[in-house]
Amino acid sequence: MIILTAAPHMAVWGKWLGDALGTNAAGAPAGNAVFGIFLSLLVYLIGQWLFKVGKGFFLFQPLFVGMVLGIFILFLMAKVFGTTTAEFYKSAYKPGGDIIFWFLNPATIAFAIPLYRRNDIVKRFWLEITLSLIIGLVVSLFFIYGAARLLGLNDIGIASMLPQAATTAIAMPIAAATGGNAAITAMACILNAVIIYALGGWLVKFFRLNNDPIGAGLGLGTAGHTVGSAKALQLGSIQESMASIAVVIISIVVDIVVPPFAAFMGLK
Amino acid sequence: MASQDKVPQTETTEEKPSPIIVQMAIFAAVLFVSSLISPLFPPSFPVPTPVIGLIILYFLLASHIVKLRNVEKFGDFMISLIAFLFVPSGIQLAASLDILKAQGIQIVSVVLIATIVMLVVVAYTTAGMIWIRKHVFHRSVDVKS
């Protein structure tokens, strides 16, 4: 209804499209999920295509393209419907987006499988891996907190920055629980991967991280999530195994370390 | 002949992956139990459902209660989709564009610094830990063996 009153000149096709998208009715029925699902698939596939055509240019990573293009399309459509982007996102995209988002739950617990496949390494190095990730994360958190304070982020912004080492499905609820904005955290997780994809190889060389292959792997998995382990594979199989282990273990470490750290720093 | 045929057949049925619907049911069961445990933690120490599910599934696999062939087909499929599944959490930002407008450059700068810091600090910390393992405890650091 909001849309129709905001743009009466488009009443006819506006009502038809509004019904289809579910933006006309509050408490959107299930059929409206179609738009969100379709848009997500569309922008992701465009991203995949661009990545292929652009020969792997770092800004053409499918997920990054999907995010930017999806928001841009919602922004344009909101303009056409004469409503705000946030409002249009909630009524038209979110029902479908939430369905896809739910599947992050089984996908995240599925990471137990690659972890178990490398169980021989996990069993031999579990102490070094967990201690390195805990100490490494605590030290990193002080740097991140300091950088965020220096650049003048408010408490919401800072709390959103702290859990970004975890995989998105785990980082988001932790950000929300410590007073952050889960959407900003999700964007941070996506940017982590974009940055590691673009600069990972150069950073490893510049800081001579590959002198210790185990360390290089754990670092890439922590900073770049699953893209980090793909990057680590270019260095070698030890690095790749370690990165895949780090992606999983760091998420649990973030859950243990970040909430007390946020409380210690007086956030929320 | 008939009995000879039967033997390898029973062996292959044992090795066969579980039907997808069974694999989905195992995931659903793990998620369900996790979602019952998750609210028991206090709000000051949140433990999201996927964290608990991840730990439960790992221990089920490690204790051989659940075998790889019971879960790996569906699990690998879900992992292959993971980048796509992140799209809605990225687009979610559409609801917070005002924050990005106000502090976007600062936030992106912090993310850039954070990524580099996490990579370098974790890598150096690990190198130190491995050095201690090798020189203080004299244990092997050869991953392959």
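1. What is the mean pLDDT of chain A, and what share of its residues reach 70 or more? The mean is 86, and 88% of the residues of chain A reach 70 or more; pLDDT is the predictor's confidence in each residue, from 0 to 100. The structure is a predicted model, in which local features need pLDDT of at least 70 and side-chain atom pairs count only at pLDDT 80 or more, while totals for chains, interfaces and linings use all residues. Residues are numbered from 1 along each chain as its sequence is written, chains are lettered from A and ligands numbered from 1 in the order in which they are written, and side-chain values use heavy atoms, with hydrogens and water left out.

2. Confidence within chain A is lowest in helix 1 (residues 2-6), with a mean of 46, and highest in helix 3 (residues 33-53), at 93. Helices (H or I, at least four residues) and strands (E, at least two) are DSSP runs, numbered from the N terminus. Residues 26-31 of chain A stay under 50 in pLDDT, and the model has 2 contacts for them beyond four places in sequence; a contact means heavy atoms within 4.5 Å.

3. Chain B has 7 helices and 0 strands. Of its 145 residues, 41% are buried, where buried means under 20% relative accessible area, exposed over 50%, and partly exposed in between (1.4 Å probe, protein chains only).

4. An unreviewed UniProt entry annotates residues 20-41, 47-65, 77-95 and 107-132 of chain B as "transmembrane region". Such positions are given in the numbering used here, feature names are shortened, and annotations may be inferred rather than shown by experiment. In the model, residues 107-132 of chain B are 100% helix, with end C-alpha atoms 37 Å apart. Residues 47-65 of chain B are 74% helix, and their end C-alpha atoms lie 24 Å apart.

5. The two chains meet through 98 residues of chain A and 78 residues of chain B. The area buried between them is about 8100 Å², of which carbon and sulfur atoms give 80%; buried area is the accessible area (1.4 Å probe) that two parts lose on being put together, summed over both.

6. The largest nonpolar core holds 115 residues, and Leu74(A), Met161(A) and Met242(A) touch the most other members. Such a core is a set of buried Ala, Val, Leu, Ile, Met, Phe, Trp, Tyr and Cys residues joined through side-chain atoms within 4.5 Å. Leaving aside residues up to four places away in sequence, Met161(A) touches residues including Ile144(A), Ile107(B) and Val110(B).
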